[in-house]
Amino acid sequence: MGLIRDVKCHNCGASLSLKAGEVIITCDFCGTAFNVASGKDFFLEHSILPSNFDNKKVDDIVRTWMGDGPLKPSNLRSRSIITGRSQVFLPFYIVHTNVRTSYKGFFTRGGGREERSGSLDREYYWKVLGRRGSKFPTKEYEIPLSGKEDFNLSKIPAKAKYLNAEFDEKDAQDMTKVEVQDHQRFLIMDQVNEVSEMDHDFEIEDVEFVHAPVWRIDYTYNGSPFQILVCGNTGNVIRGDIPPPDLSVGGFFSDMKRAFFGKRK
Ligand SMILES: [Zn+2]
């Protein structure tokens, strides 16, 4: 992905390095964010979650995670090799919305067929990662918004990567509506499992834009590659691949021993 065109920062006049597909970009010099698709300044509140863990600290988190938890091979910690680590600041939209879903339908579980109607009011702070085609587990990531600070380039460690958003806040709102509708429908299935009418009324309260640091740790276990994602602000493991049980004879016996006699030290 190369430079596609030359755009100047409205604030400091520096040339912005613009990559294909990016829409909301941050000036490398002054930290001002722009919408390069519309040519307008970006007016949302832009925050950052500071990174609190360096390489060594994040390795410690990973080692602790490997040695803990019932589903993991007992020798995961001793047999794994960390092969790579990188920290990237990911752009998230947080869409604060209220929604009222009115529904009609039938409840047929338990043999009957009862007609029901009602409405479900909910408030959401819905997270949307501003990157297309990403497999990042956004739902599993509890973004620690209480730790957010005003965006400032000096809060990004020299070796960390920084990603711009590939769509703007309007797209983020549209995506939120689609996902929240699905979620509301899922909740309502408890009341009516045969829906005849459903209508969603959204009120978007506010959208904010947050860059959050995520460590990606690559490791190998018995020669196969796996990955762990760690929040760089809190140190919480967002998601970690757990290898299948060690099928070697030694691995089998140590897992059995642990199953019967408790956690092996
Ligand atoms: Zn600038």
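**Exercise 1.** Which residue forms a salt bridge with R131, and which parts of the chain does the pair tie together?

*Solution.* 
- Step 1. In this predicted model, R131 pairs with E22; their closest N and O atoms are 3.5 Å apart.
- Step 2. R131 sits in the loop between strand 8 (114-129) and strand 9 (149-150), and E22 in the loop between strand 2 (15-16) and strand 3 (24-26).

**Exercise 2.** Are R131 and E22 buried or exposed?

*Solution.* 
- Step 1. Buried means under 20% relative accessible area.
- Step 2. R131 has 16% relative accessibility, so R131 counts as buried.
- Step 3. E22 has a relative accessible area of 9%, so E22 is buried.

**Exercise 3.** Locate the salt bridge of E194 and R113, and classify each residue by accessibility.

*Solution.* 
- Step 1. The side chains meet at 2.8 Å, N to O.
- Step 2. E194 belongs to strand 11 (residues 194-221), R113 to the loop between strand 7 (80-107) and strand 8, so the pair links parts 81 residues apart in sequence.
- Step 3. E194, at 35%, is partly exposed. R113, at 54%, is exposed.

**Exercise 4.** Describe the salt bridge of E149 and K155, then name the residues of the network that includes R131.

*Solution.* 
- Step 1. E149 and K155 meet at 3.1 Å, N to O.
- Step 2. E149 is partly exposed at 33%. K155 is partly exposed at 26%.
- Step 3. Shared partners join E22, R131 and E166 into one network of salt bridges.

Terms used: Residues are numbered from 1 along each chain as its sequence is written. This is a predicted model: local features need pLDDT of at least 70, side-chain atom pairs count only at pLDDT 80 or more; totals for chains, interfaces and linings use all residues. Side-chain values use heavy atoms; hydrogens and water are left out. A salt bridge is a side-chain nitrogen of Lys or Arg within 4 Å of a carboxyl oxygen of Asp or Glu. Helices (H or I, at least four residues) and strands (E, at least two) are DSSP runs, numbered from the N terminus. Buried means under 20% relative accessible area, exposed over 50%, partly exposed in between (1.4 Å probe, protein chains only).
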